[in-house]
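Student: I've got a model open and I'd like to learn how to read a few of its features. Can you walk me through some?

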Amino acid sequence: MAVNDSIFGGPSNIRLPPDSAGKRTQTFRHVHLEYNNGVVAINLGDTVVGATSGAHGEVVAKAESNTTSNGTLSVVPLISAEDAQFIVGEDLQVNLIKVAEAVDFHDVHSSAVNLCGANNPHNAQFVDSKGSAYIRFDDGPQQLDAFGLSRMTTPWMVGFYDFHYDTLPNEFWDDISGTGTITHLPDEASIALDVGTAAGDRVTRTSHKYHLYQPGYSQLIEMTAVAGDSGKANVRRRSGYFDDENGVFFEMDGTDIYVVLRSKVTGSVVDTRIAQTNWNGDKLDGTGGLGNLSGMQLHPDKLQVLWMDMQWLGGGRVRFGVLAPDGSRVTCHTIENANANTGAYMTTATLPLRVEIENTGTSGSPSRIKMVCAAVKTEGQLLPDRKKRTEKFGVAGAKHDVTTATDTPMLAMRPALTVNSVTNRKIMIPERWSLIVEGDPIVLKFWRRTAGTTGGSYAQVPNSAMELNSGVTSFTPASSHLMLVDYYTAGSYSIQAPENFGYLGQHGRLNADGTTQEVWLVTAALATASGTDADVTMGFSWIELE
């Protein structure tokens with residue numbers, strides 16, 4: 001891997017006796033720069049510029065005795081000014097603002113004879129600002145989760161999506177404007193989001209599920225996406241873990257690539273965008289050196305395995321990265337929020353997956369982004385549904401007279417729009433139902449995504465995220481999803497919900513748009529043609545996760 005001179009400043013050499021011409025050993029120059037009359041604090045990482053000389057470099061160290069007014073800096077000249085010298089008395093600037101005046105300076109040369117590969121002296125050992133060596137294996141460096149724990153166990157899945165058979169229409173909310181389309185590509189087991197050329201054409205896919213975040217555990221998001229081109233003017237594409245208010249995602253706006261943190265903690269949505277050139281990890285620009293240890297150059301028109309992980313707890317760090325072609329994990333940027341903000345960096349880490357493409361102006365040709373697969377994982381023990389932080393609720397139903405083999409509605413349920421004025425993102429999981437059956441045998445059915453319900457009215461259960469309606473009179477079975485069929489003779493029953501009713505299985509939730517309420521319905525009908533009458537009383541209990 002070649003040494004990146006733009007990081008270390010221009011290389012030079014000194015001659016060693018006894019040969020008259022002298023042997024050469026490579027060194028790297030930095031400048032000890034004294035200043036006074038300071039008006040603004042100079043920080044590590046600042047680029048200091050001599051206003052008269054044009055000399056400039058990065059501040060890599062400061063004397064402990066430094067103050068805003070005076071002190072000494074260690075400055076590494078940038079390659080574009082490797083031979084320039086500061087001038088005593090000139091103004092020193094940072095971002096074109098005067099910060100101090102130069103008092104004196106002198107050059108210091110550090111030997112470049114460091115740990116190197118014997119077969120190639122340019123394969124050097126890199127050391128970070130804390131003195132830690134970069135240790136890497138054939139498959140990349142040791143993997144750590146967002147909380148710095150070794151990734152030694154299998155993360156627990158809290159959401160997964162693939163498109164082998166269809167677009168998963170029941171798992172995503174699709175928001176389409178203009179000539180946008182969504183197409184299933186069965187041979188690629190993926191979906192394509194396409195827009196035309198008109199300004200405002202837009203396609204957004206958001207998972208209905210808001211994936212449960214467990215405090216104290218790292219939340220890991222992995223997804224594959226590819227743009228249909230290398231980027232073009234007035235076309236913006238995003239992939240990540242976010243909604244309209246909060247989240248983290250990769251963005252390609254035109255040909256520029258960013259990582260973005262979205263937050264509504266101030267009451268207004270703010271997107272903090274960090275351009276690829278400003279990433280503090282691997283810039284994925286193919287230049288090699290300390291800023292591109294992977295040597296990888298990101299090609300957005302090639303399928304990328306993107307990942308993001310986060311500590312939340314209100315103030316944790318967020319990391320963005322990709323998987324390199326050799327399968328190693330590459331971190332391209334880290335946002336450090338602890339000891340940096342006066343409050344949480346975003347409102348919640350319980351969020352959906354989203355992919356979107358939008359024309360921000362008229363584009364030169366139709367555009368596309370494809371999504372192949374995605375997973376959300378919690379990197380710690382995933383507690384069973386009934387042991388998570390839950391609230392349990394129950395309702396005692398009225399007696400229903402069942403006189404025909406037609407499915408008679410008994411109890412309808414749907415998620416409330418809000419809980420304490422906050423959009424309802426809780427998960428409802430049926431836990432148990434109890435029955436008293438009098439008379440002839442019955443068939444009990446559970447329906448999901450129930451269509452055409454009429455009659456009665458919904459009322460929100462106190463302190464719950466669910467609304468109930470025991471007065472539904474009719475629905476449309478042909479357009480509803482039948483989940484469960486059970487037969488009961490006369491008697492009393494207490495039934496535990498089957499295992500596929502759970503967080504990764506059948507559960508109720510408000511759709512991603514925040515307004516569509518999916519209806520669940522329990523019905524009863526006579527089980528046999530010879531039956532004439534049955535009285536059914538049902539109690540129902542459920543769990544709510546947040």
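Predicted model: local features only at pLDDT ≥ 70, side-chain atom pairs only at ≥ 80, totals over all residues.

Student: Which strands does β21 pair with, and in what sense?

Tutor: For pairing, look at the bridges between strands. Strand β20 (residues 304-310) runs antiparallel to β21, with five bridges between them. As an example, W307 has G321 of β21 as its bridge partner. Then there's strand β22 (residues 329-335), also antiparallel to β21 and joined to it by six bridges. Here L323 sits opposite R329 of β22.

Student: And how many residues lie between β21 and β22?

Tutor: Five, and the two strands form a hairpin.

Student: Let's move to D194. Where is it?

Tutor: D194 lies in strand β13, which spans residues 190-195.

Student: Why is D194 called buried?

Tutor: Compare its relative accessible area with the cut-off. Buried means under 20%, and D194 comes in at 16%, so it counts as buried.

Student: What does the D194 side chain pair up with?

Tutor: Look for polar atoms on another side chain. The side chain of D194 makes a polar contact of 2.7 Å with that of R368.

Student: Which residues does D194 touch, leaving out those up to four places away in sequence?

Tutor: R368 shows up again, along with S367, V203, T179, G180, T181 and T183.

Methods
Residues numbered from 1 in each chain as written. Heavy atoms only, no water. Helix = DSSP H or I, 4+ residues; strand = E, 2+ residues; numbered from the N terminus. Buried < 20%, exposed > 50% of the residue type's maximum accessible area, 1.4 Å probe, protein only. Polar contact = N/O pair within 3.5 Å; in protein donor to acceptor, adjacent residues only side chain to side chain. Contact = heavy atoms within 4.5 Å. Pairing = 2+ DSSP bridges.
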